[in-house]
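Subject: Structure handover

Hello,

Here is the structure I said I would pass on. My notes on it follow below.

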Amino acid sequence: MEKLKRFLPLLVFIIAFLAIPISTEAANLTVKVLIQKAASNCSLLGTGFLVTSNNGSNKNYSGSLSISNSSNNIVINNDVYGSFVRVSSDAPITYNGVKYRGDIILTSSGGNSFSIINDINLEEYVKGVLRSEMPPTWHIEALKAQAILARTYAMSSSGKHNDCDVCATTHCQFYKGINAETPRVVEAVEATRGMYLAWGSGPASGLYHADSGGMPASSANVWGRNIDYLRSVPEPVSYKGTNTTWRTTLSMSYISSRLNGSGVAVGDISTITPLKRDESGRVLQIAVKGAASTKTVSGAKYRSALGADKIKSTLFEFRQPRISYADNTYAPPAARPQPASNGGAVKDINNLHGSDQDKLVLMTKNKIFTTAELMEMLSKPEKSNYYLKIGMERMKGKNLSLSQEQTGGSGAASSASLSNFQLNYSPAQLSNAPASGGSITIYGRGFGHGVGLSQWGCKALAESGWDYRQILLYYFPGTSILQ
């Protein structure tokens, strides 16, 4: 009976804990952010500190905290704690010049080092991320889309860094705490509070990159894993970003050295030749011919070996392209030709992508539909076949609205009927010509891995009148936005 009395308070606590409904709303979640791994010492500034430890110790402090680690124990202002310490404060805590909301957790990393972790509400975390991932001067609808993706990424990254969910660097998402907050950042986060991109019953992979260069890539071709909503879709509108086009010149000796360091040793390189591209035009395989042997490597490995800062994407070629690369900007054709009737120098849009959605996008790029009409059509995928027939009738010169259809005779859209388009961008325009010589010039498009949302494309869509929902559901087809 005495034993039962002794454990009764603990039993009551457990029952009470189990009875508490656990909220699954994104706005109520917290995220653990790895700020620094293996620190030897640090100082924290705040007001009204409360330190609690796994060894049962807790103490209040005022002023700054001087922290170190000794024999696997956290030492604060000469007070020895256990291997896990939580630091709370009445005001934001400042570490290394950055202010953080929430708590700071200190965990011993073994030896004389410890990790610094920010345990923070998910919404406050997104406020500390958004400015670093997208300029706050961009259109508010683009910022809202980015806020939802930042939130989604954190939700889908639980435990990615052992006891932490995400780190504070570009390996995950660049996070700068309160220092990164601006009025427009706060506006975008609050307007989308708790919203995340969902696939089925859970968060989707909220992936994004700086610039697709004209067409995002599929996850299957970049990482070898096919995810239905991470597929290659063409950019609906033209735009000019800082890296929409780029070029770089590298010496063959530099290339040889970097490839050799990555395990691709072929001797003195004579030629480098793209062998295979995906539907977006990105290089999947590239042959490196040297004096000793010829090896085939993936486009991703080639980029990684030479440096992602130099080879900004795998969407590149070695032959001078037929577009302007002056000052790293891309000027799309001033005027697209009208649909041709003689099947002359045109491109078959089915070579780009065969889905109804993408055909509607290409019709819009060729002025058959307006951007506003495209937004309406993409929101009603069940009517895609109907809209394609409207587009076919417009190509014949008939002025039909989206609510009208010429009855009889036109039928469903066919590959032959849809061949009369001059594309602004097509993978077929990219050359597989080899590179050789003492140095080579690489002409590329876009920046980043290319999967998911293109941030510069998102900016262009927002400026064209798309809202954040339309933007996200276009780049991630089949997903939904939950709250």
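Where pLDDT is low, the predicted coordinates should not be read in detail.

This is a predicted model, in which local features need pLDDT of at least 70 and side-chain atom pairs count only at pLDDT 80 or more, while totals for chains, interfaces and linings use all residues. Residues are numbered from 1 along each chain as its sequence is written, and side-chain values use heavy atoms, with hydrogens and water left out.

For the protein chain, the mean pLDDT is 81, with 82% of residues at 70 or more. Below 50 lies the stretch of residues 1-24, which has two contacts beyond near neighbours in sequence.

Ser 115 sits in strand β12 (residues 113-121); strands are DSSP runs of E, at least two residues, numbered from the N terminus. Apart from neighbours within four places in sequence, its contacts include Leu 34, Gln 36, Ile 105 and Ser 109.

Thr 479 is in the loop between α12 (468-475), a helix (DSSP run of H or I, at least four residues), and β25 (480-482). Thr 479 is buried too, with a relative accessible area of 10%. A polar atom of its side chain lies 2.7 Å from the backbone oxygen of Phe 476. Beyond four places in sequence, Thr 479 touches residues including Trp 199, Tyr 229 and Leu 473.

Regards

Key. Buried < 20%, exposed > 50% of the residue type's maximum accessible area, 1.4 Å probe, protein only. Polar contact = N/O pair within 3.5 Å; in protein donor to acceptor, adjacent residues only side chain to side chain. Contact = heavy atoms within 4.5 Å. pLDDT = per-residue confidence, 0-100.
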